[in-house]
Amino acid sequence: MNVRFPVVALAALLLSAALPAAPTISGRVTIASSGNGLAGIDLDVFDVATGDSVAIVSGGISGTGGNFTMTLPAAGTYIVRADPGRTDGLVDQYYPGSFLASGAAALAVTDGSALTNINFALPAGVVVSGRVTAVGGAALDDIDMDVYASTGELLTGVPARTAGGGFYDLGALPAGSYFVRANPDPALDQFFVTTYFGGSPNQAGSTPVAVGGGNVANVNIVLPPGGSISGTVTDGAGDPLANLDLDVYDANGARMAANAVTAADGTYDIGGFPAGQYRLRVDPTIPQGYPRTWYPSVYIEPSGTLLTVAVGQRTTGVDFSLPRGGVVAGRIAAAENDAALADIDLDIYDATQARVDFTTKTRADGTYTIGPLPPGQFFLRADPGLTQFRAREYYPDTDSFATAQLVSVAGNGTTAGINFSLAKASYIAGVVTSNGSPVAGVDLDLYDAATGADVLVPGDFTRADGSYDLGSLPLGSYKLRVDPTNTSGFALEYFDGKATRDTGDVIVLGDGVGAPATNFALDAGGIIRGRATDASTGQPLVGFDLDIFRSDTLLRMDNGAVTDAAGDYQFDRLPAGSYIVRLDPVNGATYLTTYHPSAPNAASANAVVLGAGATVANIDVAVLRRPAQAVGWMIR
């Protein structure tokens, strides 16, 4: 018997046979304390690749007994969250059992696959509540409230807004420490400063909220008056760009708490900020394909225009036109065996050697992609961390800008094959203190222990906390010196507590071996000064070199001095001790090497005793003249 299918039905049948079966995720939601199933709990799915919430086709809410099955749109990698209602008193949970999205497991599903036992056991949580007011006490309604974990992670599943009287509540939260922020929206003419509990505009200065076994009340926030910045972001053709993130930094480079995303028409309104000057940056994601750009159209923060914000006002017309960006791709491997090097930082510089606002890290296989970058030419640098024990190198495998090559980037293009082979390297790090307090801004000098050659390294000044690190050093042996300024009041010092290079300890850097505790405790530096004159005439001697030695060992110090126009000299940055001073003549035919006060050799010189941080003056040297030589005549 012949069976005839309608053409449309046959086409539909063939089409359905060709389509892959949709993947599913199933599991159960229960109460942690009892194990009872929970019906009516919302399940959210997020695409790991894009970070966007996935529209669930079916089964997005737990049913009888807490069971659920969700049909996903396509194969991919997802994270899943159980999201109870605010009145349930239960804590949000990411699979498997994490309150924070950062602890979620990435679930890979393929066409037709069925992931089962994706279960949730929801614990009870508590509520944080308070009130938001303006300066002066006026209640502020409809203010967006954000809460962050102690790690700084935004809790997207705990939204809230202030209601009548400025009151709000956030929850449910598990025990822990949190940061709470009131985030006014300038698009609603809420011209107030984004403020954390404790009165700070930034998380670092805010007061954490401790959550324990019970609800926490009176987490009140007062919002100072502020202003905002608005404009439009378009592409090179003038078409609006939606969903682009914007960030704001103050004139000192500190990032402000507020942020914004462009609307469908490319417009944005970001605030609020105290009256002052700010730099604004558009910060697209890599998939969006546009370069991170500072207003008006630059890629280095200091080159961005400072925008003035006034209280209660919008600074308008701050528009961006973004070019399509390109990317640079390559691989970073070990020089000795081509093994992949993961998690290596990449930095990028423009043709003027100015640091550009892009960075990335290598993947597990050593590959990387950096961008999107604006069209142009750039230097790339592989910048390993200290404990990765690899050399810092510019492309192509060189140690300086002078020998580096520029890499060309085109819009919408990929410049591939920008590879690095990093040699083994090591580091020296430590802390410089004096009387237990950190010493900031002190220079450090590094020398090859065998040759005495000066080794130039970046980052050779101590930070505010006295710490320093000298990285990307070739394996070998070194001597390290702290070199304070003449006016610092500290003495020159070699590691470990030595006064001269000859006596300084040798620091050996081997394969995988660093020197992480190369610390200095600086002593007060003293001064010896005096004048050099001609012993016969008393006239000052100008431009003569002087050396200084320890009187007990005759060990020459690094410190040097030269006489000025009055014949005066000064040795500074000397540790306490006993010294002898020697003048070395520049005109050997006229003057002899002379020690203080007017001695021909060290044995007959006068020693100078110097206390810690003291000054000893009038250590004069009367320089001896070379005797006239007799001249003989031959008479024929």
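Predicted model: local features only at pLDDT ≥ 70, side-chain atom pairs only at ≥ 80, totals over all residues.

Residues are numbered from 1 along each chain as its sequence is written, and side-chain values use heavy atoms, with hydrogens and water left out.

**Exercise 1.** Work out how strand β2 is placed and what it pairs with.

*Solution.* Start with the term: strands are DSSP runs (E, at least two residues), numbered from the N terminus. Next, buried means under 20% relative accessible area, exposed over 50%, and partly exposed in between (1.4 Å probe, protein chains only). Then look for a partner; two strands pair if DSSP finds at least two bridges between them. Here 6 bridges join β2 to β4 (residues 76-83), and the two run antiparallel. Across this pairing, Asp44 stands opposite Arg81 of β4.

**Exercise 2.** Find which residues touch the most other members of the largest nonpolar core.

*Solution.* A nonpolar core is a set of buried Ala, Val, Leu, Ile, Met, Phe, Trp, Tyr and Cys residues joined through side-chain atoms within 4.5 Å. The largest one has 30 residues, and Val128, Val132, Met145, Leu155 and Val180 touch the most other members. Strands that each supply at least two residues of this core include β9 (126-134), β10 (144-149) and β13 (176-183). Another core, of 23 residues, lies apart from it, with Tyr299 and Tyr395 among them.

**Exercise 3.** Is Asp383 buried or exposed, and which side chains does Asp383 meet in polar contacts?

*Solution.* First locate Asp383 in strand β30 (residues 376-383). Its relative accessibility is 16%, so Asp383 counts as buried. Now check polar contacts (pairs of N or O atoms within 3.5 Å; within protein, one must be able to donate a hydrogen and the other to accept it, and residues adjacent in sequence count only if both atoms are side-chain atoms). The side chain of Asp383 has one of 3.4 Å with that of Arg381 and one of 2.9 Å with that of Arg392.

**Exercise 4.** Describe the surroundings of Ala576.

*Solution.* Ala576 sits in the loop between β47 (568-574) and β48 (577-584). With a relative accessible area of 39%, Ala576 is partly exposed. Leaving aside neighbours within four places in sequence, Ala576 is in contact (heavy atoms within 4.5 Å) with Arg550, Leu610, Gly611 and Ala612.

Key: Helix = DSSP H or I, 4+ residues; strand = E, 2+ residues; numbered from the N terminus.
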